[in-house]
Amino acid sequence: MPVNHDLSLRDRLSRWLLPPRCLACDEPSRTIDLCDSCRAALPHNLPACPCCALPLAEPAPACGECLASRPSFTRSIAPWRYEGVIAHLIPRLKFHRELAIAHTLGTLAAQQLADWPGWQDAHCLIPLPLHPARLGQRGYNQALELARPLARIRNLPIDTSTLSRIRPTLPQTDLDAAARRRNLRGAFAAEKITGKIVILIDDVITTGTTAREAARVLIQAGAAEVRVMALARAP
């Protein structure tokens with residue numbers, strides 16, 4: 001097994017005595033906590049809309065929605081579609097505190113997206129924030145946990161102070177598009193960030209409504225450009 005120099009001596013000894021098991025299927029794994037079969041089964045999101053990362057049937061400059069109503073962010077990427085192995089892992093990260101999933105998927109995403117032009121000239125990563133009440137209930141922000149391996153590998157700072165969630169919102173899952181927009185209106189606030197190119201980090205882009213609103217607020221606060229990176233995109 002390759003030595004991971006980011007791990008402490010205690011952690012390396014633990015892994016030698018108790019080899020890692022796949023986070024998805026619980027079989028022994030020789031790589032970063034996903035076995036070869038589950039890594040091969042990751043549902044790659046290609047082709048996809050360069051603007052909002054929506055899965056497409058064939059490559060195109062943008063999807064129909066982005067052509068009709070351009071969002072405030074300039075580009076998005078999500079390495080995987082929200083299905084299969086990914087749809088099994090992300091809810092466990094988001095609702096069951098399995099933070100090892102954030103490290104594993106964040107590391108894999110950074111490797112898979114090494115050539116994404118969106119990293120170039122970016123100033124910082126901004127994890128999509130939770131409202132303080134939601135953060136208190138959950139105890140962690142999954143977007144921040146995902147940002148940690150990305151920041152380390154891409155050598156970018158994490159900014160958790162500029163963007164905040166100032167109004168609690170309903171879960172977006174069961175809302176239609178119009179209700180999603182109403183639900184998020186006035187939900188975010190941003191400090192001045194004049195001239196910065198920022199990358200919003202989230203776990204899943206479902207319809208893009210949350211990213212659109214957060215990006216709009218950041219642009220109003222002076223951001224030169226907002227890009228979006230998520231682990232997965234819902235079809």
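Guide: Start in helix α9, residues 209-220, where E213 and R216 sit three residues apart, about one turn of the helix. Keep in mind that this is a predicted model. The side chains of E213 and R216 meet in a salt bridge, with N and O 2.6 Å apart. The two partners differ in cover. E213 is buried, at 13% relative accessibility. R216 is partly exposed, at 33%. Side chains of opposite charge can pair when their charged atoms come close.

Now compare helix α7, residues 142-154. Here R148 and E145 are also three residues apart, so about one helical turn separates them. They form a salt bridge too, and their closest N and O atoms are 3.4 Å apart. That lies inside the cut-off, because a salt bridge needs the nitrogen within 4 Å of the carboxyl oxygen.

Q142, A143, L144 and E145 are buried, and so are L146, A147, P149, L150 and A151. What covers them? Helices α4 (84-96), α5 (100-112) and α6 (132-138) are among the elements that do. Strands β3 (124-127), β6 (197-205) and β7 (225-233) are also included.

Past α7 comes N155, in the loop between α7 and β4 (163-165). N155 is not a glycine, yet its phi is positive, about 55°. N155 is exposed, with 68% relative accessibility.

Back to charge pairs. E83 and R81 join their side chains in another salt bridge, 2.9 Å from N to O. Elsewhere, D121, E225 and R227 are linked in a network of salt bridges. The search of the whole structure finds eight salt bridges.

Next, the loop between α2 (36-40) and α3 (64-68), where A41 lies. A41 is partly exposed, with a relative accessible area of 43%. Along the chain, A41 and V85 are 44 residues apart, but their C-alpha atoms are separated by 6.9 Å. P47 belongs to this loop between α2 and α3 as well. A cis peptide bond joins L46 to P47, with omega about -10°. A53 is found in that loop too. The phi of A53 is near 70°, a positive value in a residue other than glycine. A53 is buried, at 1% relative accessibility.

What about disulfides? The search of the whole structure finds zero. For C49, the closest cysteine sulfur belongs to C52, at 3.9 Å, too far for a bond. C52 is in no disulfide either, and the nearest cysteine sulfur to it, that of C63, is 3.6 Å away. The cut-off explains this, because a disulfide needs the two sulfur atoms within 2.5 Å. Both C49 and C52 are under cover: C49 is buried at 2% relative accessibility, and C52 is buried at 8%.

The structure holds one aromatic pair. W116 and W119 form it edge-to-face, 5.3 Å centre to centre, with 85° between the planes. Both tryptophans, W116 and W119, are buried.

Finally, step back to the whole protein. It has nine helices and seven strands. Buried residues make up 48% of its 235 residues. Take the contacts between residues at least 6 apart in sequence: 71% of them join residues at least 24 apart. The accessible surface comes to about 12,000 Å², and 55% of that belongs to carbon and sulfur atoms.

Key. Residues are numbered from 1 along each chain as its sequence is written. This is a predicted model: local features need pLDDT of at least 70, side-chain atom pairs count only at pLDDT 80 or more; totals for chains, interfaces and linings use all residues. Side-chain values use heavy atoms; hydrogens and water are left out. Helices (H or I, at least four residues) and strands (E, at least two) are DSSP runs, numbered from the N terminus. Buried means under 20% relative accessible area, exposed over 50%, partly exposed in between (1.4 Å probe, protein chains only). Contact means heavy atoms within 4.5 Å. Accessible areas come from the Shrake-Rupley method with a 1.4 Å probe; for residues, only the protein chains shown count as cover. Rings of Phe, Tyr and Trp (its six-membered ring) pair if their centres lie within 6.5 Å; planes under 30 degrees apart count as stacked, over 60 as edge-to-face and the rest as tilted.
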